[in-house]
Amino acid sequence: MGDEKVVLLDFWPSPFGMRVRTALAVKGIKYEYKEEDLSNKSDLLLKMNPIHKKIPVLIHNGKPICESLIQVQYIDEIWPHKSPLLPTDPYQRAIAKFWADFVEKKIYDLGKKVWTTKGEEQEAAKKEFIACLKLLEGELGNKDYFGGENLGYVDVVLVPFYSWFYAYEKCGNFSIERECPKLIAWAKRCMEKDSVSKSLPDQQKIYGFVLHLRKVVGLSKILCLQHISRHC
Amino acid sequence: MAVVKLFGAWFSPYAYRVIWALKLKGIPYEYIEEDLRNKSPLLLQYNPIHKKVPVLVHDGKPICESTVILQYIDEIWPQNPLLPADPYDRAATLFWIKFADDKGYLMSKLYQTDGEEQQAAVKEWLEMLEVMEEHALIGGKKFFGGEEINMVDMAFSFVAYWLGVIEDVVGLEIFEPHKFPLVSLWIQNFKSIPVIKENLPDADKMFALLKHGREMMLASKSD
C-alpha cells in the first residue's frame, strides 16, 4: 500500500468535497489536495471528469472516480480494514444507502434555497429543511452516530453540511439547534473527532464566502453560478 | 407467505428494474400492484419517507429506492451479477447508474410541457443521448455491462422503451437512430433479451395513460 497515489481535486467550501476529505481522514489515507478555481478549471479536472467537469474528483493511481457518494464507497472498499464506514450486513447496508440517498436528494438543494431565496420561497424551504433534519434525527435515534458507536457512511455524507449551518441560519434568520437539538448534538460529537474537524472549514469562513458571493454577484445571479459545484 | 414481495406500478421503469433483476436471478416473488392515486396503507407503512414504488420487502423488511434495492438483491443473490466485482469498475458502473437516475425527470418533463419548456426538455434529451453515444458505449460494447446486461442497462431502459411511447404522445421524434448508432444498436440488443422483452408494460395502455395525463395538463393551462 506504500505506493498508492491518491489525489483529490476539490473546492474548499464544497460539502461534497468535504465528504471525501472526511472519509480519507477517517481511514488515515495520505493524499494530495488540489484546490480548483471553478472559474478557470484545470486541464486535469476536465480530463478526469469530462462528463460533468465538476469537483470533487478522486484520482487513485491515475484513475478517476467521480460522484462523492461513490467516492466514499470506493474508499471504504479499497481500505476496508481501518474504520469501516458501511456495515457488512446487506440489509443494514441498504438502510445506510437509503439515508445517504435521502441526504443527497434533499439537504443540498433545500439548504441552497434557504440562503439564496427570500420571502415565501425561503419560508417554505426552511420549513422543509427542518422537516428533513427531523426525519434524520428519527433515524439517528439514541445512537451516538448514524453508524452506531463509530462514524459510518451516513455520518460522513451528512456532517459536511454542518459547516454550512451558520450561513443557513444567518440567511434564513432561524436557529437549527432550537428546532433540531439532537442533530446539532450529533454534529458537535462528530466535530470532536480530528478526522471531521480537520476536514470541514470553519462555519464563519463559509458564511464569509456566502456574503462575498451575495455582494459580488448579487443574489439573483447566484442560482446560475457554478461556484458551489454539486459533485455531479 | 412469500419471502420476497415487490410493490410496484405497471408503468414504472423503476419497478421494472427490480422485476428484471429478480427474474434474471431466478428469485420467486409476489408482485403487488399499487394505485399511486390511492396508495395502500401497507406501502405507506413500508415507505413512509417517500411513499413511492418500488418497494422490495424481504422477510418482512422493506428496502426502498430502486438503485438501493438492486444493490441489495445483488448482494443477497450473487448469481448473474448486476455489478462488477472490481471496486474501480463498480465505481464506474455506479457513476453511469447515477447519471441515468439523474436524467429520469426528463420523461415527465417531455410529456408534461409544451412550448419553450418542452423545447428545453428536447435539448436536454439530446445532450443526454450524445453523452451516452460518446462516452458510455465506447469500445463497441454490446451492453453497458459488456456481453451481459447489468444495472446500467436497466437504468437506461427508459431510453430504450419509455422514450418511444412518450415521443408518440407528444408527436415529436427525439431519438433519430442514424444520429446515435451505438445507442440505437444497444436499444435493439437490450429489447431482444427474453427477460426484458417478456416484461415490459403494454405500449398502447401506456400511450393512453400518458396521452390522458398530457391532455389534462394542457387543459388546466388554458384555464
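How many residue pairs are in polar contact across the interface of chain A and chain B? The rule finds six, with both residues of each pair at pLDDT 80 or more. A polar contact is a pair of N or O atoms within 3.5 Å; within protein, one must be able to donate a hydrogen and the other to accept it, and residues adjacent in sequence count only if both atoms are side-chain atoms.

This is a predicted model, in which local features need pLDDT of at least 70 and side-chain atom pairs count only at pLDDT 80 or more, while totals for chains, interfaces and linings use all residues. Residues are numbered from 1 along each chain as its sequence is written, chains are lettered from A and ligands numbered from 1 in the order in which they are written, and side-chain values use heavy atoms, with hydrogens and water left out.

## Chain A against chain B

Chain A brings 27 residues to the contact and chain B brings 24. Contact means heavy atoms within 4.5 Å. The two chains bury about 2,300 Å² between them. Of that area, 71% is on carbon and sulfur atoms. Buried area is the accessible area (1.4 Å probe) that two parts lose on being put together, summed over both. On the chain A side, Ile51(A), Tyr91(A) and Phe98(A) lose the most area to chain B. Together they account for 28% of what that side buries.

Five salt bridges cross this interface. A salt bridge is a side-chain nitrogen of Lys or Arg within 4 Å of a carboxyl oxygen of Asp or Glu. Glu67(A) and Lys98(B) form a salt bridge through their side chains, at 3.7 Å from N to O.

Which elements of chain A each supply at least two residues to the side that touches chain B? They are strand E4 (63-66), helix H3 (68-78) and helix H4 (90-116). H4(A) gives the most, with eleven residues. Helices (H or I, at least four residues) and strands (E, at least two) are DSSP runs, numbered from the N terminus. By type, the chain A side divides into 16 nonpolar, three polar and eight charged residues. Here Ala, Val, Leu, Ile, Met, Phe, Trp, Tyr, Cys and Pro count as nonpolar, Asp, Glu, Lys and Arg as charged, and the others, Gly among them, as polar.

## Two domains in chain B

Chain B is divided into domain 1 (4-76) and domain 2 (87-222). These bounds come from an automatic or database domain assignment. The C-alpha centres of the two domains lie 21 Å apart. In the contact, 15 residues of domain 1 of chain B meet 21 residues of domain 2 of chain B. The two domains bury about 1,600 Å² between them, 76% of it on carbon and sulfur atoms. In domain 1 of chain B, Trp10(B), Arg17(B) and Trp20(B) lose the most area to domain 2, together 41% of what that side buries.

Arg17(B) also forms a salt bridge with Asp101(B), with the closest N and O atoms 2.8 Å apart. The count between the domains is one salt bridge. Four residue pairs are in polar contact there, both residues at pLDDT 80 or more. Helix H1 (13-24) and helix H3 (66-76) of chain B each supply at least two residues of the domain 1 side. H1(B) gives the largest share, nine residues. The domain 1 side divides into ten nonpolar, three polar and two charged residues.

## Buried positions in chain B

In helix H9 (residues 181-191) of chain B, the buried residues include Trp186(B), Ile187(B) and Phe190(B). Buried means under 20% relative accessible area, exposed over 50%, and partly exposed in between (1.4 Å probe, protein chains only). The buried residues of H9(B) pack against H1, H6, H7, helix H8 (157-170) and helix H10 (194-197) of chain B.

Asn150(B) sits in the loop between helix H6 (115-136) and helix H7 (151-155) of chain B. Asn150(B) counts as buried because its relative accessibility is 8%. Leaving out residues up to four places away in sequence, Asn150(B) touches Leu82(B), Thr93(B), Phe144(B) and Gly145(B).

## Salt bridges within the chains

Over all chains, the whole structure holds 25 salt bridges. Three of them are listed here.

| Salt bridge | Closest N to O |
|---|---|
| Asp114(B) and Lys221(B) | 3.0 Å |
| Glu176(B) and Lys179(B) | 3.0 Å |

Lys105(A) and Asp101(A) both lie in helix H4 of chain A, four residues apart, about one turn of the helix. Asp114(B) lies in the loop between helix H5 (105-111) and H6 of chain B, and Lys221(B) in helix H11 (residues 203-221), so this pair ties together parts that are 107 residues apart in sequence. Asp114(B) is partly exposed at 29% relative accessibility.
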